Amino acid sequence: MNRSPLALAALATVAVPGLDAYDVRRPVHPGADFDVAVVVDSVRQRWVVRAPQHPAAGAALEAEVALLDALGTLVDDGRLPFAVPRPVGFAHLPEGGRASVHRELPGRALQLETLRPGPGLAAAVGRAVAAIHELPTSVVENVGLPVYDAAGYRERRQAEVDEAARTGLVPPSLLRRWEELLEDVAMWRFRPTVVHGDLSSNHLLVADGAVAGVLGWGSTMVADPADDLSWLLVAAPHDAVDAILEAYLLRRTELTDPHLADRALLAGELALARWLLHGVRAHRQDVVDDAVQMLRDLEEHTLVDEAAGQYT
């Protein structure tokens, strides 16, 4: 179901008694699985209303709401150095489930290309990710979100590769590379942590040179901390990556994980396999074509890197 901004504004007024909607607009990055709108009230306070598009999204929203309640307490205690959404009201939906409303968090979406080496925003991003990974795993366990040990998570990744291989659309050299890395037992010895699970530029809000807020907690689990670093290692400016990792490692306690960066880079590659599988499952040929092209580009890139390593 796709709800109009006006319908979402009406849900917001039901969820938050006394909310006087003055304006409503779609967010710049609405995401998937939810209808989302930003409602501006008569005193220019901004509210975000989210309504699930299907039952699975509704179940994910309920788990996220319980998690956000616990995270809010940790923000108040100073254990998280940034804001998180705090649902303040709900509206029941005719088809079942409910929409949630929270105040819009301050800040703007992180622009990775603006990151620079040194103690500035790049280091702040590293510390923010580390703060998530330092949370007690009970925060996730108590609300029923997924919990993996290292061996179980490696098996999950292996299952993804096997499923992607069955499509016949993954270059054989990439499959061999992934299989070798997954079979390297030493690489998969890590201590599972709380993992955000969907970190991206749109979900990290920054202001005044710091991380002001983190959105999108619906994929949170206890799993491999490398997953949350993957997008940064792959997409951040090369000269800023060292600052991110240094700040991250300084913020972590009891961290002995020599293969953290290796798994993070692998997670970035496997994200393309998951994108391919999404296209196949959803019968989206445009997504499949996009994933196949990115996999071919990755194959070319890895072959060049391997050749350079062989002859240097």
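The model is predicted, so local features need pLDDT of at least 70 and side-chain atom pairs count only at pLDDT 80 or more, while totals for chains, interfaces and linings use all residues. Residues are numbered from 1 along each chain as its sequence is written, and side-chain values use heavy atoms, with hydrogens and water left out.

**Overall build**

- The protein chain holds 10 helices and 10 strands, which are DSSP runs (helices H or I, at least four residues; strands E, at least two) numbered from the N terminus.
- The radius of gyration, taken over C-alpha atoms, is 21 Å and lies close to the 20 Å that the globule rule gives for 312 residues, so the protein chain is as compact as a globular protein of that length; the rule is 2.2 Å times the number of residues to the power 0.38.
- Along its principal axes, the C-alpha trace spans about 70 × 45 × 35 Å.

**Burial and contacts**

- Of the 312 residues, 45% count as buried, meaning under 20% relative accessible area, whereas exposed means over 50% and partly exposed lies in between (1.4 Å probe, protein chains only).
- Among contacts (heavy atoms within 4.5 Å) with a separation of 6 or more, 64% join residues 24 or more positions apart.

**Helix H1**

- In helix H1 (residues 5-15), the buried residues are Leu8, Ala9, Leu11, Ala12 and Ala15.
- These residues lie on the same side of H1, because they cover an arc of only 160 degrees around the axis, the arc being that of the directions from the helix axis to the C-beta atoms.
- Leu6 and Val14, on the other side of H1, are exposed.
- The buried residues of H1 pack against several strands, including E1 (21-25) and E4 (87-92).
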